[in-house]
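Me: Could you walk me through this one with me? I'll ask as I go.

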Amino acid sequence: MKTVNQRAWLLILPVVICVAFSAILPLMTVVNYSVQDIISPERRVFVGTEWFKSVMRDDDLQGALLRQIAFSFAVLVVEIPLGIALALSMPARGWHASAVLVLVAISLLIPWNVVGTIWQIYGRADIGLFGAALARLGIDYNYTGSARDAWLTVLLMDVWHWTPLVALLCYAGLRAIPDAYYQAASIDGASKLAVFRFIQLPKLRGVLMIAVLLRFMDSFMIYTEPFVLTGGGPGNATTFLSQYLTQKAVGQFDLGPAAAFSLIYFLIILLLCFILYNWMQRVGTADKEGGHG
Amino acid sequence: MARIDLDLAHAYMANPKSDDDYALLPLAMSFADGGAYALLGPSGCGKTTLLNIVSGLVKPSRGTVKFDGVDVTARTPQQRNIAQVFQFPVIYDTMTVAENLAFPLRNRGVAPDRIARRVGQIAEMLELSGQLNMRAAGLAADAKQKISLGRGLVREDVSAVLFDEPLTVIDPHLKWQLRRKLKQIHQELKLTLIYVTHDQVEALTFAEQVVVMTRGRAVQTGSASELFDRPQHTFVGHFIGSPGMNFLPATTAGAGIDVAGRRLSLAGRGLADLGAVTLGVRPEYVTLAGESGEGAVPARVTQAQDIGTYWLLTTEVGGDGGGATSVVRARLGTRQAIPKAGETVWLTLVGAHTCFYKDDVLVAEARS
């Protein structure tokens with residue numbers, strides 16, 4: 001008979017305790033709030049799924065969700081191709097390579113709220129370089145007044161801040177391709193486009209998957225930049241999900257609905273990441289299935 | 001198809017000063033149209049550099065590469081119309097096996113029906129027909145390398161096909177099979193093939209002419225038997241053969257030669273005034289002799305190993321009166337009495353196949 005060693009439980013206990021205090025207990029408090037109506041610290045009423053229902057029917061929330069999805073989608077559509085293009089044009093060796101790497105990485109070192117402040121000033125039509133330049137060119141640009149301008153500014157800000165991350169990931173991926181592939185392609189008479197399509201892009205699959213997931217999750221949780229830039233305005237043109245949530249929880253102190261929505265928010269991210277990950281995995285492993293078929 | 005003439009030198013650094021700075025020392029070499037050649041040498045001897053210069057991936061720092069008398073030094077691999085197969089399989093992950101094989105043709109705008117026919121032929125030859133519609137990425141390493149080989153062979157009009165240790169990743173039993181395939185393909189297609197390897201068996205079985213290289217120098221070009229019987233350089237004697245040639249210091253004296261304290265007769269070989277030379281004899285040609293036999297010296301047996309089809313005898317020669325000892329190995333047939341370790345035997349060193357070297361270069365070989 002096989003002896004069962006129960007000591008393993010003891011060994012994972014530290015991890016269980018750490019995870020419990022850092023993740024499970026806080027999450028359970030949120031679950032706790034989401035099913036109660038807290039009228040005052042002493043008076044609370046169990047309301048079941050009431051908050052979930054009302055939050056799901058909330059027009060503001062649906063608006064924020066649609067804006068959020070559109071924003072994250074735009075971020076991926078702009079940043080991923082731009083990052084690949086940037087990585088392809090970066091020098092591979094010599095002192096140029098080191099210099100360019102440092103330059104590209106600079107924006108990644110700037111904190112979120114500083115990025116917001118930079119662009120808030122940069123985009124002002126009176127004193128900001130960007131805003132004033134556009135104004136001189138006769139373009140009517142005003143991120144505090146126009147919903148479209150505010151939205152574009154937030155997108156531009158995110159592209160400026162995070163495209164270098166995609167570029168660095170792709171750059172690392174490109175450098176990992178053995179020289180023999182390029183030599184073989186040159187012998188096979190492949191054009192530059194064919195080299196990109198049949199060698200570089202397939203070999204970048206792994207890093208691109210990481211880049212897409214990171215940029216998706218991060219942009220889906222964007223908070224600080226639009227908060228600093230416009231506070232979610234004009235109107236609620238740049239009110240994304242986390243800002244909406246903060247308004248509910250901190251601004252209006254509606255702990256119940258905020259908690260219910262936090263859980264929904266969490267599940268949305270989890271679900272979308274799951275779908276994205278599986279889709280990208282399948283794009284890659286379609287190759288392998290063919291081999292065994 | 002083309003005749004290839006090389007007359008060049010190459011250094012990877014900007015201002016080479018000593019010989020050590022050169023990856024390839026000045027050399028002049030020709031590969032005949034339709035020949036099968038092997039570049040053989042240890043790692044770092046410059047054979048891959050030479051191959052990449054022929055294909056155009058590396059531009060020689062000095063000299064020219066000519067195809068059929070036309071200077072192609074400045075041309076790209078594509079313009080030279082070269083095919084090359086690399087040490088590790090290079091396949092296009094997202095394509096099927098058939099698409100991989102068709103890629104070099106498709107890039108050159110060959111008509112689809114001709115591509116299909118040619119891919120079919122090559123797949124047939126390499127036994128890939130059953131896998132043509134599979135994704136190349138999921139296949140085993142040897143199948144991938146077959147695809148690489150196939151891409152190298154798929155174009156009919158190439159100037160030459162170059163192989164850079166293409167069988168490194170292949171299992172030993174498949175190696176034999178693929179090597180035979182390559183030879184067969186060479187006979188069928190009459191392409192110029194240049195094959196780089198550090199494995200002498202591979203080189204000698206594949207190629208009609210083997211170029212032996214060491215330290216950026218091509219020391220001898222010849223057929224398997226020439227390399228075996230008449231090594232032009234001590235390196236060739238040492239590198240070809242298993243084990244390699246035995247070398248002993250010797251001094252010529254009149255009509256004889258002093259080896260390991262004994263004067264042996266040279267019977268009219270004209271080495272009289274060479275002074276100090278190196279005597280080289282293959283273990284296959286070292287035989288047991290009777291005491292004081294002609295051309296024989298006494299040797300102490302240090303080891304006798306049974307290799308299966310033959311015995312390998314390791315002995316020490318010389319050392320009497322404070323002189324240096326030399327190790328002499330002999331391959332002996334299994335049908336004779338094999339001396340044991342510790343015994344003293346007489347070994348014939350000077351015979352029909354003995355070679356003599358001065359400054360590592362062959363000066364004379366024995367003739368019967």
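Me: Which residue is the bridge partner of B:Ala289 in S19(B)?
Reply: In this predicted model, B:Ala289 has B:Trp346 as its bridge partner in S19(B). Strand S19 of chain B covers residues 344-348, and three bridges join S15(B) to S19(B), the two strands running antiparallel.

Me: And what is the order of the strands in that open sheet?
Reply: The open sheet in chain B is formed by five strands in the order S15-S19-S16-S17-S18, with antiparallel pairing. From one strand to the next, the twist averages 50°.

Me: Why is one side of S15 and of S18 left without a neighbour?
Reply: Strand S15 (287-289) and strand S18 (325-332) of chain B stand at the edges and have a single partner strand each, so one side of each is left without a neighbour in the sheet.

Me: Switching to the contact between the chains, how many residues does each one bring?
Reply: Chain A contributes 19 residues and chain B contributes 25 residues. On the chain A side, the elements giving two or more residues are helix H8 (179-187), helix H9 (192-203) and helix H13 (255-292), and H8(A) gives the most, with six residues.

Me: What's the make-up of that chain A side?
Reply: The residues on the side of chain A that touches chain B divide into nine nonpolar, seven polar and three charged.

Me: Now H3(A) and H10(A): at what angle do their axes cross?
Reply: The axes of helix H3 (residues 59-89) and helix H10 (residues 205-220), both of chain A, cross at roughly 145° and come within 9 Å, and the crossing is right-handed. Among the residues that meet there are A:Phe71 and A:Leu76 in H3(A), and A:Val212 and A:Phe216 in H10(A).

Terms used
Residues are numbered from 1 along each chain as its sequence is written. Chains are lettered from A and ligands numbered from 1 in the order in which they are written. This is a predicted model: local features need pLDDT of at least 70, side-chain atom pairs count only at pLDDT 80 or more; totals for chains, interfaces and linings use all residues. Axes are lines fitted to C-alpha atoms, for helices over the stretch in contact, and angles run from 0 to 180 degrees between N-to-C directions. Helices (H or I, at least four residues) and strands (E, at least two) are DSSP runs, numbered from the N terminus. A crossing is left-handed if the near helix is turned anticlockwise from the far one by less than a right angle, and right-handed if clockwise. Two residues are in contact if their C-beta atoms, placed from the backbone, lie within 7 Å. Ala, Val, Leu, Ile, Met, Phe, Trp, Tyr, Cys and Pro count as nonpolar, Asp, Glu, Lys and Arg as charged, and the others, Gly among them, as polar. Two strands pair if DSSP finds at least two bridges between them.
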